[in-house]
Amino acid sequence: MTVTEVPPEGLTISAAAEMSGLSIDTLRYYEKEGLTLHRPGRSPSGQRRYSEDNLRWLATLVMLRRTGMPIRDIKRFVELYRVDGSEGDRLAILKAHRVHVLEQLAEVQTHLEAINRKIDYYTSAVTEGK
């Protein structure tokens, strides 16, 4: 997700959802669960308004979720983010997650190699059959 210019009044929840690739329900869930660093502002009519900072944080949440970080770990990371001097603990969470992502990547690479071998086999079979 690339954060483009956000108007000074912020984006509506539907615009923030579209920009982040999340559903409106997911945005509300993340807010309710305390996964957002700051609650979005409100318009005079009470509607949520997402700032550029909100959208940048949502991009971080999306990245962490799409790489398989569990909500409980994200929640802990956010809690620590709010604590001065917790950089070491946050670093530990990210390093542990990196290990998990690298394990997943290795597994996917192994599967990709198997697929490539099958493609080579069937390419040969099709080519020889002609």
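Analyst: Arginine 76 and glutamate 79 are about one helical turn apart, because they lie three residues from each other in helix H4 (residues 71-81). Helices here are DSSP runs of H or I with at least four residues, strands are runs of E with at least two, and both are numbered from the N terminus. The two side chains form a salt bridge, with 3.8 Å between the closest N and O atoms; the term requires a side-chain nitrogen of Lys or Arg within 4 Å of a carboxyl oxygen of Asp or Glu. Arginine 76 is partly exposed at 43% relative accessible area, and glutamate 79 is likewise partly exposed at 38%. In this scheme, buried means under 20% relative accessible area, exposed means over 50%, and partly exposed lies in between (1.4 Å probe, protein chains only).

The model is predicted, so local features need pLDDT of at least 70 and side-chain atom pairs count only at pLDDT 80 or more, while totals for chains, interfaces and linings use all residues. Residues are numbered from 1 along each chain as its sequence is written, and side-chain values use heavy atoms, leaving out hydrogens and water.

The count of salt bridges comes to nine. Another of them joins arginine 72 and aspartate 73, whose closest N and O atoms are 4.0 Å apart. Arginine 72 is exposed, at 62% relative accessibility, whereas aspartate 73 is partly exposed, at 31%.

A further salt bridge joins the side chains of glutamate 31 and arginine 39, at 2.9 Å from N to O. Glutamate 31 is buried, with a relative accessible area of 4%, but arginine 39 is exposed, with 58%. Glu31 and Arg39 also belong to a network of salt bridges that includes Arg48.

The packing of helices remains to be described. Helix H1 (residues 13-20) packs with helix H3 (residues 52-66) at an angle of about 45°, and their axes are 10 Å apart. Axes are lines fitted to C-alpha atoms, for helices over the stretch in contact, and angles run from 0 to 180 degrees between N-to-C directions. H1 is therefore oblique to H3, since angles under 35 degrees count as roughly parallel, over 145 as roughly antiparallel, 65 to 115 as roughly perpendicular and the rest as oblique. The contact (heavy atoms within 4.5 Å) involves Ala16, Met19 and Ser20 of H1, together with Leu55, Leu58, Val62 and Arg66 of H3.
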